[in-house]
Amino acid sequence: MISHIRCMIIDDDELDRLVLQHYIKQYDNIEIAGSFDTAEKAVPYLDLPIDLLLTETNLKEMSGLEFRKLAHKIPACIFVSSHPELAAGVFEINALDFITKPLTSERFHYSMQKLFNFFEVKEKCECYDTLIGDHCITIKEGGHISQIKMKDILYLEALKDYTRIITLEKNHCILNSLGSLLQNNFFESFIR
């Protein structure tokens, strides 16, 4: 699990900010990098390495939803709001959780468990990507040369002297039989 989490808090209610800070301080591995009463004050801090954004949805000028769109590089975002009707909208902009006010200790700790699970899965994915690597194959298709990452290939399909390489984004068709393609070391992990 991630050993150190840097957190940013945005809430225009001072008491709610203090309650969030109190709950966060119960976790040794979470550091509060900044606490702000408006989203505008937090914008200059977007270049800092922040792992968690805790924000109110309904802020005075720039809403928490608008700020999240700016702060898309922050991996985890938890909205804390007294407007439960906004819950559906936050998940469309990649929120980890939505907590309704008044904030309770049990609900906050449940959300933190979701956060720790999220970072555990994220770390495993990064390890997997490192293990698999970004090996690419270069193909010639219709006079164009392009590269395909091996991890993006879903499967290969034999078409006599041609092979179709299926990825999520595009299907490629190359002049090379499946049998001869599988002789290549890049495809040693593929099963026929």
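Visitor: Which side chain does Arg 6 meet in a salt bridge?
Guide: First, the background: this is a predicted model, in which local features need pLDDT of at least 70 and side-chain atom pairs count only at pLDDT 80 or more, while totals for chains, interfaces and linings use all residues. Residues are numbered from 1 along each chain as its sequence is written, and side-chain values use heavy atoms, with hydrogens and water left out. Now the idea: side chains of opposite charge can pair when their charged atoms come close. A salt bridge is a side-chain nitrogen of Lys or Arg within 4 Å of a carboxyl oxygen of Asp or Glu. Here Arg 6 meets Glu 31, at 3.3 Å from N to O. This pair links distant parts of the chain, with Arg 6 in strand E1 (residues 5-10) and Glu 31 in strand E2 (residues 30-36), 25 residues apart.

Visitor: How many salt bridges does a search of the whole structure find?
Guide: The search finds nine. One of them joins Asp 11 and Lys 101, at 2.8 Å from N to O. Asp 11 lies in the loop between E1 and helix H1 (14-24), and Lys 101 in the loop between strand E5 (97-100) and helix H5 (105-132), so the pair ties together parts that are 90 residues apart in sequence.

Visitor: Is Asp 11 buried or exposed?
Guide: For this we use relative accessible area: buried means under 20%, exposed over 50%, and partly exposed in between (1.4 Å probe, protein chains only). Asp 11 is buried, because its value is 0%. Lys 101 also counts as buried, at 18%.

Visitor: Which other residue does Lys 101 meet in a salt bridge?
Guide: Lys 101 also meets Asp 16, at 2.7 Å from N to O. Asp 16 is in helix H1, so this pair ties together parts that are 85 residues apart in sequence. Asp 16 is partly exposed, at 22%. Salt bridges with shared partners join Asp 11, Asp 16, Glu 56 and Lys 101 into one network.

Visitor: How many disulfides are there?
Guide: A disulfide is a pair of cysteine sulfur atoms within 2.5 Å. The search of the whole structure finds zero. Take Cys 7: the nearest cysteine sulfur, that of Cys 77, is 10 Å away. That is too far for a bond. Cys 7 is buried, with a relative accessible area of 0%, and Cys 77 is buried at 0% too.

Visitor: In what order do the strands of the sheet with E8 stand?
Guide: Strands pair if DSSP finds at least two bridges between them. This open sheet has three strands in the order E8-E9-E10, with antiparallel pairing. E8 and strand E10 (171-174) stand at the edges with a single partner strand each, so one side of each is left without a neighbour in the sheet. E8 and strand E9 (residues 162-167) pair over six bridges, and Ala 158 stands opposite Thr 163 in E9.

Visitor: Where is Leu 154 found, and is it buried or partly exposed?
Guide: Leu 154 is in strand E8 (residues 153-159) and is partly exposed, with a relative accessible area of 48%.

Technical notes. Helix = DSSP H or I, 4+ residues; strand = E, 2+ residues; numbered from the N terminus.
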